[in-house]
Amino acid sequence: MNKKYDEIIPALERPQTVKLQASVEENTEKEITPLQETAEKLREERLGLIIQIGNELHKKMRLQGIVEPEFTEYFHRIEELDKEIYITIKNEERLRMNSLYLYNCTECGSKLTLHDKFCGSCGTSVLIPEKNLEELGSCTNCEEEIPHSAIFCPCCGRKTAVSQES
Ligand SMILES: [Zn+2]
Ligand SMILES: [Zn+2]
């Protein structure tokens, strides 16, 4: 607190000054907030369009094999990232499968996982329905292990899985 201020300005005048300041701040805030929100919305829409342009370009390069030398580096890095993401998700799924008890032993009723060959309790050999074990091949582009039936590689998104068969 400034003692000189208290001495110079009479006590009666002070509340008025404070009131005036408060109302000015309130008005400015009321005007600023919608403008900030509008700017934020416009920025969001703009960013969405930029991402869309990138997606379209990536799709062209991926599906039509169009080469854009300026973007080749980005394209290859995206391919690497796609592969890393694919492998990470696959490993996560494997872990989840291992921790899930999906079947019961037909002999003793013990819980079994997809990967069990024999029941851990009674030693009965386990038959897992075939449809769960899809035949795998490898992608000619990214070399990832992918289902034979895939039309597009689920890892890199290229249509190479088909050209391998024909
Ligand atoms: Zn058993
Ligand atoms: Zn692939």
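Reader: In which loop does Leu127 lie?

Author: Helices (H or I, at least four residues) and strands (E, at least two) are DSSP runs, numbered from the N terminus. In this predicted model, Leu127 lies in the loop between strand E2 (111-112) and strand E3 (136-138). Residues are numbered from 1 along each chain as its sequence is written, and chains are lettered from A and ligands numbered from 1 in the order in which they are written. As the model is predicted, local features need pLDDT of at least 70 and side-chain atom pairs count only at pLDDT 80 or more, while totals for chains, interfaces and linings use all residues.

Reader: Is Leu127 buried or exposed?

Author: A residue is buried if 20 or more other C-beta atoms, placed from the backbone, lie within 10 Å of its own, exposed if 12 or fewer, and partly exposed in between. Leu127 counts as exposed because it has 9 C-beta neighbours inside 10 Å. Its C-alpha atom is separated by 9.4 Å from that of Cys105, 22 residues apart along the chain.

Reader: Where is Cys105 found, and which residues is Cys105 in contact with?

Author: Two residues are in contact if their C-beta atoms, placed from the backbone, lie within 7 Å. Cys105 is found in the loop between strand E1 (103-104) and E2. Leaving aside neighbours within four places in sequence, its contacts include Ser110, Leu112 and Cys119. Cys105 counts as partly exposed because 18 C-beta neighbours are inside 10 Å. From C-alpha to C-alpha, Cys105 and Ser125 are 9.0 Å apart in space and 20 residues apart in sequence.

Reader: What is the value of phi of Glu143?

Author: Phi of Glu143 is near 65°, a positive value in a residue other than glycine. Glu143 has its place in the loop between E3 and strand E4 (145-147). With 12 other C-beta atoms within 10 Å, Glu143 is exposed.

Reader: Which residues make up the largest nonpolar core?

Author: A nonpolar core is a set of buried Ala, Val, Leu, Ile, Met, Phe, Trp, Tyr and Cys residues joined through C-beta atoms within 7 Å. The largest one here has 6 residues in all: Tyr86, Cys139, Ile146, Cys153, Cys155 and Cys156. Cys156 is in contact with Glu79, Asp82, Lys83, Cys139, Asn141 and Cys142, leaving aside its neighbours within four places in sequence. In the protein, buried residues make up 5% of the 166 residues.

Reader: How many helices and strands does the protein have?

Author: The secondary structure comes to 4 helices and 4 strands, and from the N terminus on the elements run α-α-α-β-β-β-β-α. Ile85 is found in helix H3, and its C-alpha atom is separated by 8.1 Å from that of Cys155, 70 residues apart along the chain.

Reader: Where is confidence lowest in the protein?

Author: The term pLDDT denotes the predictor's confidence in each residue, from 0 to 100. Confidence is lowest in helix H4 (residues 160-163), at a mean of 52, and highest in helix H3 (residues 72-99), at 87. Over residues 162-166 the pLDDT is below 50, and this stretch has 4 contacts in the model beyond near neighbours in sequence. Where pLDDT is low, the predicted coordinates should not be read in detail. For the protein, the mean pLDDT is 79, and 72% of the residues reach 70 or more.
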